[in-house]
Amino acid sequence: NKEKKEFDGFWSSSLTDSTLKGKPDIEIIEINQRLNNINEIFDVTTKPLIIDVDTGGKPEHFEINIKTIERMGISALIVEDKKGLKKNSLFGTKVKQEQEDIKSFCKKISVGKNACSSNDFMIISRIESLIMNKGVNDAINRAQNYIDAGSDGIMIHDKKSSPKDVFKFSKIFKKKYPNIPLV
């Protein structure tokens, strides 16, 4: 008797979509190209799918893209709080990367939530504070602001070999927000 194993859902990554096309992970693959790839995935599954939309672009573009993403049947998106030319986070501080200011990123989240036609679609904010060596307190402050702006979940990201800061963030976050999804 062979037990059938399968995934509960899928993640569509900008890194994998860029790599598949032999291009750098700098938001060079246009959203409609990425959505075409997802459409092909939905030809063979109805499992939930999360799309990584990098920075989400300008708030005005983010608003329109959310409508399309939600209409396609995608369950959630993850948007990172960077600005300028997006670079892969695993470069850390070896390349110039800037974190969006909290007020601007909160506006983007709010615009995105207002564009949703359903309460089922999730916007998850990815916090880059640990990647940029700004520390756990900065990450917690951002998480609080992003949730207040409408984020349905938080993703904390780090590249250090020790998970110490991620665990510290998680402990503080889950104590304050026990019912908010944390990735």
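**Exercise 1.** With which side chain does the side chain of S125 make a polar contact?

*Solution.* This is a predicted model, in which local features need pLDDT of at least 70 and side-chain atom pairs count only at pLDDT 80 or more, while totals for chains, interfaces and linings use all residues. Residues are numbered from 1 along each chain as its sequence is written, and side-chain values use heavy atoms, with hydrogens and water left out. Begin with the location: S125 is found in strand β6 (residues 122-127), strands being DSSP runs of E with at least two residues and helices runs of H or I with at least four, numbered from the N terminus. The partner is the side chain of S151, at 2.4 Å; a polar contact is a pair of N or O atoms within 3.5 Å, where within protein one must be able to donate a hydrogen and the other to accept it, and residues adjacent in sequence count only if both atoms are side-chain atoms.

**Exercise 2.** Decide whether S125 is buried or exposed.

*Solution.* S125 has 0% relative accessibility and therefore counts as buried (under 20% relative accessible area; exposed is over 50%, partly exposed in between, with a 1.4 Å probe and protein chains only). Leaving aside neighbours within four places in sequence, its contacts (heavy atoms within 4.5 Å) include F105 and Y146.

**Exercise 3.** Classify the aromatic pair of F7 and F10.

*Solution.* Rings of Phe, Tyr and Trp (its six-membered ring) pair if their centres lie within 6.5 Å; planes under 30 degrees apart count as stacked, over 60 as edge-to-face and the rest as tilted. The structure holds four aromatic pairs. For F7 and F10 the centres are 6.2 Å apart and the planes at 50°, so this pair is tilted.
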